[in-house]
Amino acid sequence: MSANQTEAFVVHLYDYSETSRIIQFLTAHRGKMSCIAKGVHRKNNPWSFSLDRLNRVEIFYTWKSTREVQTLTEVNLIDSYPELKRDIKKQVLASLILETAFSMTETEQKVLKTYTQVCKAFEHISNSGISSEHAVFLTCCHLWQILIHNGIEPQLHICVRCGKPLKEVRHFSFQGGVVCENCKSDKTLDSEEVRGLQLLQYLEDPLNIPYENKAFLSLFEKKILPFICSFITFHLRHPLKSYNVFQELNHITIQGVNHEKQN
Ligand SMILES: [Zn+2]
């Protein structure tokens, strides 16, 4: 058994006993990791505040390779992202980014780039000057980068089935990217979707994009985010829970607006 330290995001928490919880972390150096936090349910336990979903923490733990669940020995809060948690939509978007990164990561896998991307994404989205509509656009940018770090970003220039270079992009296969008119596709892209995807591909710094344009932001909310989430779901082979929540949230908001209009 050895003592270790790492930085981590709190992904899931489960009650284990009356006093203990199991926490799933995304760590930079060990990928997915589960730890037991003993006594965390006891009154005035200093860890209970730090161990909240979406928090970024420094953890100390004892490691045993034969164990699936490690033992937490110390927790220090780095950031609890209060700005982000104040806005339900931003919170769900942050969950979506973390869930994607976590789902693509194995245990015992070094994922420095993915981890750093999540840090950057949370920093961008939690900025109080960023609207929740703008946060959707930023989420698309960061999800795209996470796909790149995992080597599965959609190919947008050559047919992924026959290798033919494409001048005009129209058809798409969730297997890997665009396809020519002769190969089997899952979806036809409209010109707006193509424009949005190409922008993501060449974007170095998402904060450099002027975002006042409502039509631009609505494209990312209505078409690009759903598209990227379908792509991710296809590759993970399971649905993204946070995206389902995001859709429900939008549905409620739209219904609420219609209801207000009627009155
Ligand atoms: Zn082809």
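Buried area here is the accessible area (1.4 Å probe) that two parts lose on being put together, summed over both. The views below come from a predicted model, in which local features need pLDDT of at least 70, side-chain atom pairs count only at pLDDT 80 or more, and totals for chains, interfaces and linings use all residues. Residues are numbered from 1 along each chain as its sequence is written, and side-chain values use heavy atoms, with hydrogens and water left out.

View 1. Domain 1 covers residues 2-79 and domain 2 covers 82-262, with bounds that come from an automatic or database domain assignment. The contact (heavy atoms within 4.5 Å) takes 22 residues from domain 1 and 22 residues from domain 2. Between the C-alpha centres of the two domains the distance is 29 Å. About 1900 Å² is buried between domain 1 and domain 2, and carbon and sulfur atoms give 68% of that area.

View 2. Two salt bridges are counted between domain 1 and domain 2; the term stands for a side-chain nitrogen of Lys or Arg within 4 Å of a carboxyl oxygen of Asp or Glu. Look also for Glu-108 and Arg-30, a salt-bridged pair with its closest N and O atoms 3.1 Å apart.

**View 3. The side of domain 1 that touches domain 2.** The elements giving two or more residues to this side are β1 (2-15), β2 (21-27), β3 (31-37) and β4 (56-63). Strands (E, at least two residues) are DSSP runs, numbered from the N terminus. The largest share, six residues, comes from β1. By type, this side of domain 1 divides into nine nonpolar, six polar and seven charged residues. Here Ala, Val, Leu, Ile, Met, Phe, Trp, Tyr, Cys and Pro count as nonpolar, Asp, Glu, Lys and Arg as charged, and the others, Gly among them, as polar.

**View 4. Strand β1 and its partners.** Two strands pair if DSSP finds at least two bridges between them. β1 runs antiparallel to β4, joined by eight bridges, and Thr-6 has Ile-59 in β4 as its bridge partner. Seven bridges join β1 to β2, again antiparallel, with Val-10 opposite Phe-25. β1 and β2 form a hairpin with five residues between them.

View 5. Glu-7 and Arg-56 form a salt bridge whose closest N and O atoms are 2.9 Å apart. Because Glu-7 lies in strand β1 and Arg-56 in strand β4, the pair ties together parts that are 49 residues apart in sequence. In the whole structure, a search finds eleven salt bridges.

**View 6. Around strand β5.** Strand β5 (residues 69-79) pairs with β3 in the parallel sense over three bridges, where Ile-36 stands opposite Thr-71. With β4, the pairing is antiparallel over seven bridges, and Tyr-61 has Leu-72 in β5 as its bridge partner. A hairpin of five residues joins β4 to β5.

**View 7. A three-stranded sheet.** This open sheet has the order β7-β6-β8, with antiparallel pairing. Its edge strands, β7 (177-179) and β8 (187-188), each pair on one side only. Three bridges join strand β6 (residues 171-173) to β7, and His-171 has Val-179 as its bridge partner.

Terms used:
Helices (H or I, at least four residues) and strands (E, at least two) are DSSP runs, numbered from the N terminus.
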